[in-house]
Amino acid sequence: MLELDKREARLLQKAIDQWQQDQLINPEQAQQMQQSYQVRETNIEWQTITLYIFIAAISCALMAFGSLVLDEKWIEVIRKKLSLTDGIIALLFALLTVFLCYSGFRRQQQQRSFSLNQELFWLLPILSTGVTVVYFGKSLQYLNGNYGLFWLLATLTYGVLAFMLSSRLLWTATLLCLIPAYVKLTYYVSHDASWFLGMNLPCRLFVLAVVMLLLHRLALRNKKYHALQHITWGGGWLLLLLSAWLISVFGNSGTWSEWQLLRQYQLLWWVAIYTLLCAAVIWLGIKLRDPLVRDFGVLFLLLDMYTRYFEYLWDRTHKGIFFSILALSFWWVGKRMEKWSKARK
């Protein structure tokens, strides 16, 4: 007899009820199907507990890394005793990275299916690669302050390893390193000016998000990318909507003092564009049947509403009236969407 957990059993029972309602099966067949499985009795959600344990392990590993590696006192002691240079330390950690990646690859070949334990193992080469890049940069004095180039080196290293090893964690590290690499390089090229090609920082991040989403579409043809695609897709939309929200607040202001001199009505067209963008994202998510994109659109539209209230109406309207209108408007939108969803079904 088939054993299912409670969630799977509820889903199967719902399907059987729907088939019987649509007269695809008769009551006798429905009863036979219901008797063909049983609910697995368990009082403990072992998968959830395992996830929490792994999260605790990651937290402890990061704290240990910060205490042992980022605190350079012990490294300085070893450097003096063994007469090590920054380049030698970078080389040693690079060899450690190669060893860890090879070990992880061997483990991956032995266990083909996805394993949280296997995925979290890639945290070790992520940390060792970071140390390698930092000390490699120190050995070259960061090329007179060009930190962005070394962020980019870390990004490329993580990206290559992520593709070779099909690691979601390594690909997450790639995207996280890409943002500071891009920001640092634009500041270095513009000699720390407030604008780069006429864009302030939020506008630059918006362009980066658009490029990420376009590259995501192009990379879908690569089979090795399929395991990583949802990370780029979600991260790209998050960065795009977050940077667009910052643009709606600050416009294309380069400095804090310049933004303070602006009148709120001068930013209204940025606000209108951002609101239309959120609505378009919601529509796109519904059309593509992508709950992630749809929910991002709804979340940032709510953020837009609250931001506009604190910007324009905080001192001019009664708080209870404003939030009542906001509640009614969202209730109306939710009601219309529910009717539309039922009509499509």
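# Helix packing in a predicted model

Q: Are helices H12 and H14 roughly parallel or roughly antiparallel to each other?
A: H12 and H14 (residues 268-288) pack at an angle of about 160 degrees, with their axes 8 Å apart. Here an axis is a line fitted to C-alpha atoms, for helices over the stretch in contact, and angles run from 0 to 180 degrees between N-to-C directions. Angles under 35 degrees count as roughly parallel, over 145 as roughly antiparallel, 65 to 115 as roughly perpendicular, and the rest as oblique. H12 and H14 are therefore roughly antiparallel.

Q: At which pLDDT do side-chain atom pairs count?
A: Residues are numbered from 1 along each chain as its sequence is written, and side-chain values use heavy atoms, without hydrogens and water. In this predicted model, totals for chains, interfaces and linings use all residues, local features need pLDDT of at least 70, and side-chain atom pairs count only at pLDDT 80 or more.

Q: How many helices and how many strands does the protein chain have?
A: Both kinds of element are DSSP runs numbered from the N terminus: helices are H or I with at least four residues, strands E with at least two. On that basis the secondary structure comes to 16 helices and two strands.

Q: How many nonpolar residues take part in the contact of H12 with H14?
A: Contact means heavy atoms within 4.5 Å, and on the H12 side Trp233, Trp237, Leu240, Leu241, Ala244, Trp245, Ile247 and Ser248 meet a set in H14 that includes Tyr274 and Leu277. Ala, Val, Leu, Ile, Met, Phe, Trp, Tyr, Cys and Pro count as nonpolar, Asp, Glu, Lys and Arg as charged, and the others, Gly among them, as polar. The contact has no charged residues and one polar, and the nonpolar ones number 14.

Q: Is the crossing of H12 and H14 left-handed or right-handed?
A: A crossing is left-handed if the near helix is turned anticlockwise from the far one by less than a right angle, and right-handed if clockwise. For H12 and H14, the crossing is left-handed.

Q: How do H9 and H10 lie to each other?
A: Let's move to another pair. The axes of H9 (residues 147-165) and H10 (residues 168-189) come within 8 Å and cross at roughly 160 degrees. H9 passes H10 in a left-handed crossing. The two helices are therefore roughly antiparallel.

Q: How many charged residues are in the contact of H9 with H10?
A: Residues of H9 including Trp151, Tyr158 and Phe163 meet residues of H10, among them Trp171, Cys177 and Lys184. The residues of this contact divide into 17 nonpolar and four polar, and the charged count is one.

Q: How are H10 and H11 placed relative to each other?
A: Their axes come within 11 Å and cross at roughly 135 degrees, with H11 spanning residues 201-219. This crossing is right-handed. H10 and H11 are therefore oblique.

Q: How many nonpolar residues does the contact of H10 with H11 have?
A: Tyr182 and Tyr187 are among the H10 residues that meet a group in H11 including Arg204 and Met212. By class, the contact has one polar residue and one charged, while the nonpolar residues number 11.

Q: Is His191 buried or exposed?
A: His191 sits in the loop between H10 and H11, and its phi is positive, near 60 degrees, in a residue other than glycine. Buried means under 20% relative accessible area, exposed over 50% and partly exposed in between (1.4 Å probe, protein chains only). With a relative accessible area of 71%, His191 is exposed.

Q: Which residues does Thr129 touch, leaving out those up to four places away in sequence?
A: Thr129 belongs to H7 (residues 123-139). At 3% relative accessibility, Thr129 counts as buried. The residues it touches are Thr97, Thr157, Tyr158 and Leu161.

Q: Which residues does Leu238 touch, not counting residues up to four places away in sequence?
A: Leu238 lies in H12 (residues 229-250) and, at 38% relative accessibility, counts as partly exposed. Its C-alpha is 8.4 Å from that of Ala209, 29 residues apart in sequence. The residues that Leu238 touches are Phe296 and Phe300.

Q: What share of the 345 residues counts as buried?
A: Among contacts with a separation of 6 or more, residues 24 or more positions apart account for 62%. Of the 345 residues of the protein chain, the buried share is 33%.
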